[in-house]
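The following report describes the architecture of one chain and its contacts with a partner chain.

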Amino acid sequence: MNDGNPVARLSTSAAAGMLLWICRTLLGALVSYPILLAIRASSMTSGPDGDSVLFQPGSLLLLELLRIGGPWLGSAAQVALLLLGLSAIFELVPLAMALDLLWLPGRSLIERLRRALRLFPKFIALGVIALLAQAALLLVASLLGAALKPALSSADERLRSIAPIALFGLGLVACAWFGGALDIARAMLVQRAEHEPSERGARAALADALICLRRRPLSVLFGLYPSVAGSAFAYLTAAWLLTRFVPTTSSSVALALGFGAHQLAVLFAIACRVRWLGAALELSAESD
Amino acid sequence: MRRVTQDLLIGVVFSALSALLLNALFAHTGATPAAETAPRKPATAWPALAESAPKVASYVIEAKFDSERHRIAGSETIHFVNRSSATLNELWFHLYLNAFKNDKTLFLRSPFGAGRSGDKAKEYGYVDVKKLTIVGGDGQDLWANRDRHSPDDPDDETDLRVPLPTPLEPGQTLELSLEFEDQLPELVERTGFVGSFHFVGQWFPKLARLEPSGTFAHFSFHAQSEFYADFGDYDVTLDVPSAFQVGATGSRLSETTAKGRSRLVYHAANVHDFAWTAWDRFEARSERIAGTQVRVLYPPHQEQNAEAELASVRFALPHFNARYGAYPYPTLTLVHPPDVAANAGGMEYPTLITTGGPWYSTFGGGHFIDVVTTHELGHQWFYGLLASNEHAEPFLDEGFNSYAEADALEARYGSGSVFGAFGLSVSSTALNRLFSAARGEDEKITQGAADFATFRSLGALVYSRTATVLSTLARVYGTERFNHALGVYTRKFRFQHPTSSDFMGVMQSELDSRAVTALTMALSERATIDYLVREISNAPISAAAGVFDGPSGREQKKSEAPHQAAQYSSRVVVYRHGTLQLPVEIELGFEDGTKQRRHWDGSGFTFNVDNVGPSELVSVNVDPEQRILLDDDRSNNWLSTQSNDAPQCRERALYAAQLLLGASGP
């Protein structure tokens, strides 16, 4: 890593961020395509005002699209969901490349791709374990909420409705925490691929990451916190700017402003994630 | 440790900023209220406002409430005037509470037992009449001679006939005395108890409405139906445990407390029902709004809901006063039931309405509290003052009131009258259209409440489609003109029992016969409408080519290339499907960017739009202002020869996919 040179470190992070953004944009275009086809097939956008009619105040024609195009949109959403799942798996490749780039800058893109593809099965194994663990955490939170329901039956109305939400929120925090450990395990795999290729697998990396989590819980939790909060901030800022200052018209300026604001938000969120990935590499290196 | 602190600080700053942004996004509805919040002075004078109703049935009731057993012991004196043109030999009583007596009643039995709420009775309720005598008579118990069940329904006791010992001539009065005892059910729809919360509606033996012809408009209580009664004065004394807060129809004249019980005396003049609620946990707020003392009863910790309800009344009461004539009563009570008694919410009684919603209803961009409060307040006109037969013609109150609600909410919130946040706004008009679109042929709107196939069908047609019919008419004839016509109707028939014929009469005089025809067809004849275009054609007009013999000999003229044509002949055919005829505007767009408007009065089934001009016709848009809300399918109202790549949808769909990938991806 470029520990001593902030400029080099920044340019490495920027390169990793751009790599992730390009992949996310391409995959996003793929995932959204079925929905777009369904919207166009509904004829709701074939008028002289194009699709701007869908964004008119009051949403009369947006609701008409949902009414008329409901069946198509439902089917398209299912296809999009499938593509989303596949894309999420495929995104592990650019993620491995980004980690590799952050850990050891200077390699060629082809070499990084080769190394990322070698790590891909281990990343998938890690992802499956993490997914199961996170699902279990959320299930426990939901079951606790359900178990509390009878006990709270005579409690204040607000407590009755907030308690299950708060429990689920705690479950989400635990999931995020586990997600942090997952990133550390990924970082370990990338680092170990450098020194001891193929010797230690995903389970060992996850076990080591959990040890790191046990030893430095706050570093993991609070290291992840700016990434999550920063993403939320970026998306909300884009939404606020667009609702405040950009009219819902079909003008190309409005369209360009919308695209720009949205992509800046995505880039900012990715930058926050890259910052955390750097921290995960550091935590991984320290625990090794 | 330094890094942990740094991360924590950055995260906290981002979180705080996110919270501020979220708040701003929910506060910014993305819609602006309509510029005109109150109607302008009408072009023609309003009809004079009646100050009181012709009283037919007035009630004096003494009721003792047992909160533990959920029982009410009552005595009742009815002052009845035969204002009809016929001699009466019988009376008809509605015992609505008997609808909850057992699972075989018309209300609770399958398939309509689910009714509006979907809940059946868990503990049953009923009303027992102990004795019915004529005051000043020989003491004979008339109740002994009653019919034992509702007409043609041995399982139902909600609609009972009582023969009179002597005929009652037109103009004669009759004073009746009753003793009765109620057992309240566990809350079914709007009546009953949950824990110590009680909502007491349709609780006393009540005379059916006497029509001018001398017949009683009586009916068994059906799960899809509401009520119908004569105007009168109500003097009601409630004896309740002192720990209970009570809200009731009318004004509280006095309150005395002794031995842990309170005697509350209420008076309500010129009303046609009396309902009340009692709960030992109610909190209360009062405020004077537009000359009316408004009181809100609400559960603990729901101050925000109470404030939202008062804010709704602050806007809607003056709005409705201006639109439909001043609210004539000194008090208005709003009851927000606790969430365990949500079935009691969203109901109207004279001078008392119930609202509802969980404690967090005011959070986010939705206007649920405003919607329900404004709707129920509107019923003070469309039910309260215009006491139509809700059983026979439910659209006259629910449908017209849904229009009034949408009109008031859009005057207050603009296009975000139902939801407004994150730049997205959803209006009441759009929702009414969504719920009723393409349902026009299902059933006729003007049928009785019990005749609808399901309550969902009634909801879509009586509430949403009626409102959409009226909104369409308002958009076609001009909102101000239509609202004035509706205002004439509400003023002319104030304190009366108007029918659909009365309404049509006003529309005939204030609008025109075409409006009445459209209304009649849309409401009574399942008429629908769908404008559509299928193709655009353009042909270049060029000088005639060929071989021509002229005075100077034979001449050969070659065809001009299409691009050299100076003129184009363009045609588009607009079709009208359905039997409803409404005038419509058609907007033509040409390649050079110019636009033209054509008007079609809606007659015939096709309309050829021809144009000769220097530019090709590239687009057509039928009803560009979306006035015909009844149009069954808006996706076929336009055509464009230009590309349809939906750039805004593309951009937003991409962004949404990126967000989802960010949330679900690695």
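## Secondary structure and conventions

Chain B contains 11 helices and 32 strands; helices (H or I, at least four residues) and strands (E, at least two) are DSSP runs, numbered from the N terminus. This is a predicted model, in which local features need pLDDT of at least 70 and side-chain atom pairs count only at pLDDT 80 or more, while totals for chains, interfaces and linings use all residues. Residues are numbered from 1 along each chain as its sequence is written, and chains are lettered from A and ligands numbered from 1 in the order in which they are written.

## Overall dimensions and packing

The C-alpha trace of chain B spans about 120 × 90 × 50 Å along its principal axes. Of the 666 residues in chain B, 49% are buried (20 or more other C-beta atoms within 10 Å of the residue's own, with C-beta atoms placed from the backbone).

Among the contacts in chain B with a separation of 6 or more, 69% link residues 24 or more positions apart. Two residues are in contact if their C-beta atoms, placed from the backbone, lie within 7 Å.

## Domains

An automatic or database domain assignment provides the bounds. Chain B comprises domain 1 (55–250 + 261–268), domain 2 (281–385), domain 3 (390–527) and domain 4 (530–648). The centres of domain 2 and domain 4 of chain B, taken over C-alpha atoms, are separated by 52 Å.

## Contacts with chain A

In chain B, 67 residues are in contact with 70 residues of chain A. On the side of chain B that touches chain A, at least two residues each come from α1 (2–27), β23 (424–426), α6 (428–436), β31 (617–622), β32 (638–640) and α11 (647–664) of chain B. The most are given by α11(B), with 16 residues.

Note on methods
Buried ≥ 20, exposed ≤ 12 C-beta atoms within 10 Å, placed from the backbone.
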